[in-house]
Amino acid sequence: MRTVIQIRDLEKRYGTGAGQVRALEGVSLDVQAGEVLVLMGPSGSGKTTLLSIMGCILQASSGSVQVQGVETVGLRESRLPGIRLEHFGFIFQGFNLFPALTARENVEIALQLKKFSNRDARRAADKLLADVGLADKRDRYPADLSGGQKQRVAIARALAGDPHIILADEPTAALDSASGKTVVEILSSLARERGRAVVIVTHDPRVVPYADRVVHIADGRIVAEPVAELVH
Amino acid sequence: MTTLAVKNLFHDKVRLSVTLTGVIFALVLIAVQFGLFLGFMETSANIVTRSGVDLWVTAPGLPHVNGGSAQPERRRYKVLAVPGVAQAEPYVLAFANWKLPSGAKESVQVVGFDLDSGLGGPSRMVAGSVDDLRGDDTVLIDEHYRKKLGVTALGQTGEINGVRARVVGYTQGLLSFTTAPYVFTSLKHGQKYMALPETQAIFIVVKLAGGADPQQVKAAIKTQIPDSAVYTNHEMAAKTQNYWLFSTGAGITTLMGAALGLLVGMVVVAQTLYAATVDHIREFGTLKAMGAANRYIYRVIVEQAVLSATMGYAVAIAVALTVVNVSRKGDALILLPMPVALGLFAMAVLMCIGASVISIRKATSIDPAIVFRA
């Protein structure tokens with residue numbers, strides 16, 4: 001297995017002086033291609049902060065975070081969008097679809113950011129939507145889709161341009177159990193069949209059976225990292 | 001990218017209506033206030049700018065063209081002796097009272113000019129002619145003021161300072177800033193209405209020979225007649241406009257109105273576009289998280305601003321032109337010349353982009369981690 005993210009002695013602090021808060025402390029972790037890694041922990045434990053730092057959305061205070069071999073800690077702010085664009089696909093709890101765009105346009109915009117031509121973006125968007133079972137919903141606006149369908153559009157958008165790493169924040173939190181299962185199955189198949197690294201932050205125990213590894217975080221530290229446990 | 005800007009704008013019709021209403025209100029306010037200011041400038045000095053006169057010679061101490069005092073008419077001969085002067089004619093311009101058929105009185109400004117040269121006479125007529133002023137007690141009034149002066153038909157008579165005046169023609173488009181209409185008559189009648197002896201006039205108006213330099217001729221006249229004041233046409237117009245603009249409450253009010261119109265308009269546009277951008281702040285956060293560079297977000301926001309400005313301008317200019325047309329029927333002239341209308345478009349675009357820059361800062365300084373907040 002190939003390491004796509006390597007984290008060593010990561011710290012994230014907010015504020016200064018007496019009011020300083022340590023959100024993450026001494027975190028070391030590797031993320032491998034082709035695995036589903038689940039981050040679990042109570043609210044405020046630091047798991048979303050860790051996900052944000054992995055995805056170059058937040059900068060670490062110290063330590064090392066390498067994405068595909070590139071050190072991102074201390075990197076200039078202006079270089080981070082390029083790394084996010086090249087390596088990551090994001091899936092959010094609130095879907096974060098653009099309400100003014102159709103399902104197809106929501107996917108197209110991610111492809112256009114990656115310099116796809118309009119024609120290629122359209123073709124690729126249609127294929128991605130078909131892959132998540134939404135070929136017939138491509139002209140619908142987010143307001144006309146169910147929660148599960150919205151999250152599948154978000155997955156198609158995250159897969160636009162074929163990134164190596166998918167980061168998902170509570171992807172099932174707003175979904176009923178059937179939709180949640182579908183979404184997790186799609187994410188799981190991305191790892192198994194397409195070799196993508198999938199990192200999921202969740203409270204949802206239904207996700208655990210699909211995980212290759214579950215990492216528990218409490219008070220900003222990794223408190224246990226069970227041995228790789230292939231459920232399938 | 002165009003898709004996102006356009007679709008964001010048109011997706012929420014209520015938000016679009018609010019945005020456009022703000023832009024339209026601001027632009028109409030600016031157009032009307034600035035148009036009033038231009039109308040003020042035009043009407044305060046139109047008797048000068050439309051006179052065809054090159055130089056105005058008068059007694060010293062003149063505050064504005066409507067405030068001249070009498071000087072000897074024979075000065076015209078000294079003026080005529082100056083090289084470069086083609087014509088020099090006595091001219092009367094003074095306030096008087098017009099008595100309506102009802103017995104009520106209205107203030108007017110009597111303009112007495114030389115009929116042979118026509119210098120300083122009306123520039124546009126819609127009924128009668130300057131030659132009709134050769135008859136006894138004849139005058140021309142502007143068609144705009146017929147009702148105000150109680151004139152329903154040509155040939156009707158009134159009184160100017162108690163002297164009979166018969167209306168023999170109508171001028172057009174000569175609105176008076178002071179609301180005292182201009183009444184054109186011959187020099188002789190002008191002197192009579194103002195109780196001036198034939199040896200007195202308010203101005204000597206000068207037409208220069210072709211190629212003569214106004215400033216040189218002006219200096220030569222000053223040398224020839226030391227106790228006189230001489231103004232080029234441009235100087236007289238500017239002196240009159242400045243007087244009404246800066247020495248009276250009306251001028252300051254109009255100027256302040258234009259400045260406030262601009263300020264309020266800019267604030268309204270800024271607030272409207274800021275709110276429109278902030279409404280989409282989470283989407284911009286998502287774009288940033290997805291890897292969009294700040295310049296991509298700038299372009300989306302600026303495109304939305306330019307679209308808002310263009311659509312708002314299209315409606316605003318139609319409304320402003322309607323207001324301009326309606327104003328022609330009233331006493332307060334509002335002008336919206338083509339360069340100003342085009343300038344307003346440029347201003348609309350700049351205001352919208354400027355307002356967006358404020359919100360751009362908000363959008364590009366978003367913590368992209370906003371996307372992880374449910």
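Helices here are DSSP runs of H or I with at least four residues, and strands are E runs of at least two, both numbered from the N terminus. On that basis, chain B of this predicted model has 10 helices and 12 strands. Its radius of gyration is 28 Å, well over the 21 Å that the globule rule gives for 374 residues, so chain B is more spread out than a compact globule.

**Overall build of chain B**
- Of the 374 residues in chain B, 46% are buried.
- Among contacts in chain B with a separation of 6 or more, 81% are between residues 24 or more positions apart.

**Where the chains meet**
- Chain A brings 23 residues to the contact, and chain B brings 19.
- On the chain B side, helix 1 (2–11) and helix 8 (281–290) each supply at least two of the residues that touch chain A.
- That side of chain B is made up of 11 nonpolar, five polar and three charged residues.

**The open sheet in chain A**
- Four strands of chain A form an open sheet in the order 2-1-4-5, with antiparallel pairing.
- Strand 2 (21–32) and strand 5 (70–71) of chain A are the edge strands, each pairing on one side only.
- Strand 4 and strand 5 of chain A run antiparallel and are joined by two bridges.
- Within this pairing, A:V67 stands opposite A:V70 of strand 5.

**Strand 6 of chain A and its neighbour**
- In a regular strand, side chains alternate between the two faces of the sheet.
- Strand 6 (residues 88–91) of chain A is covered on both faces: A:F88 and A:F90 are buried on one side, and A:G89 and A:I91 are buried on the other.
- Four bridges connect strand 6 of chain A to strand 7 (residues 165–169) of chain A, and the two run parallel.
- The bridge partner of A:I91 in strand 7 of chain A is A:A168.

- The mean pLDDT of chain A is 90, and 96% of the residues score at least 70.
- Among the elements of chain A, strand 4 (residues 62–67) has the highest mean pLDDT, 96, while strand 10 (residues 221–224) has the lowest, 85.
- Where pLDDT is low, the predicted coordinates should not be read in detail.

Note on methods
Residues numbered from 1 in each chain as written. Chains lettered and ligands numbered in written order. Predicted model: local features only at pLDDT ≥ 70, side-chain atom pairs only at ≥ 80, totals over all residues. Contact = placed C-beta atoms within 7 Å. Nonpolar A, V, L, I, M, F, W, Y, C, P; charged D, E, K, R; others polar. Rg over C-alpha atoms; globule rule 2.2 N^0.38 Å. Buried ≥ 20, exposed ≤ 12 C-beta atoms within 10 Å, placed from the backbone. Pairing = 2+ DSSP bridges. pLDDT = per-residue confidence, 0-100.
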